[in-house]
Amino acid sequence: MQKHFSLEDILAMERFFRRDFMNTISGYRSCHLMGTLSYKKVPNLGLFNSITHIGATPPHLGFIMRPLTVPRQTYHNIKAQGYFTLNQITEDMMHQAHQASAKYAPDQSEFEAVGLEPQYTSLHPAPYVTESPIKLGLELAEEHHIKANGAIFVIGKVVEVIIDEELIAEDGHILLEKAGILSVAGLDSYYKPELIDRLDYPRP
């Protein structure tokens with residue numbers, strides 16, 4: 001039997017119950033470790049599950065940054081340096097990735113704190129996660145302040161991709177299941193997706 005909740009019902013929920021309820025009801029999401037560099041050149045790492053595909057030509061991705069009611073190291077680093085990386089997460093990295101959500105001091109490297117290795121390239125100043133099989137380097141393109149709740153939608157232009165070659169199919173499709181890429185629901189539940197089928201392009 002299905003249960004109906006009005007907006008008033010949702011807002012009346014206990015705070016943490018409502019948080020988990022609304023964070024998981026939208027379904028599975030991708031999860032990425034975002035790498036940035038502070039103005040003091042301290043590498044920063046944060047876990048994000050709001051990555052959105054914007055377009056392929058030119059390639060852009062976006063993500064949601066929570067309201068700036070408290071210091072947000074990732075946001076301030078992106079604004080200071082203009083670059084960030086997105087690094088897909090595998091089961092082997094799950095515990096370190098989850099720990100990256102902890103609130104570390106601005107002068108402490110989350111890479112060092114959680115036991116992951118930063119990787120740099122000559123084309124991109126922000127740190128990648130060495131252990132990740134799929135890495136994207138982005139340059140800040142624009143941001144949009146969301147009036148509804150004070151969040152910020154940040155858009156980045158993809159300027160570099162680092163990926164294990166065997167994960168690219170002949171048609172360009174990325175074999176996420178072969179890489180063991182995880183998805184997430186809510187703030188603490190991790191899943192390993194499984195490919196069911198690839199369907200033909202739909203036509204009338």
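The side chains of E91 and K192 meet in a salt bridge with an N to O distance of 2.6 Å, a salt bridge being a side-chain nitrogen of Lys or Arg within 4 Å of a carboxyl oxygen of Asp or Glu. This pair links distant parts of the chain, 101 residues apart, with E91 in the loop between β6 and α4 (94-99) and K192 in the segment after β12 (189-191); helices (H or I, at least four residues) and strands (E, at least two) are DSSP runs numbered from the N terminus. The structure is a predicted model, in which local features need pLDDT of at least 70 and side-chain atom pairs count only at pLDDT 80 or more, whereas totals for chains, interfaces and linings use all residues. Residues are numbered from 1 along each chain as its sequence is written, and side-chain values use heavy atoms, with hydrogens and water left out.

E91 is partly exposed at 43% relative accessible area, whereas K192 is exposed at 51% (buried means under 20%, exposed over 50%, partly exposed in between; 1.4 Å probe, protein chains only). Four salt bridges are found in the whole structure, including that of K79 with E143, whose closest N and O atoms are 3.1 Å apart; K79 in helix α3 and E143 in strand β9 are separated by 64 residues.
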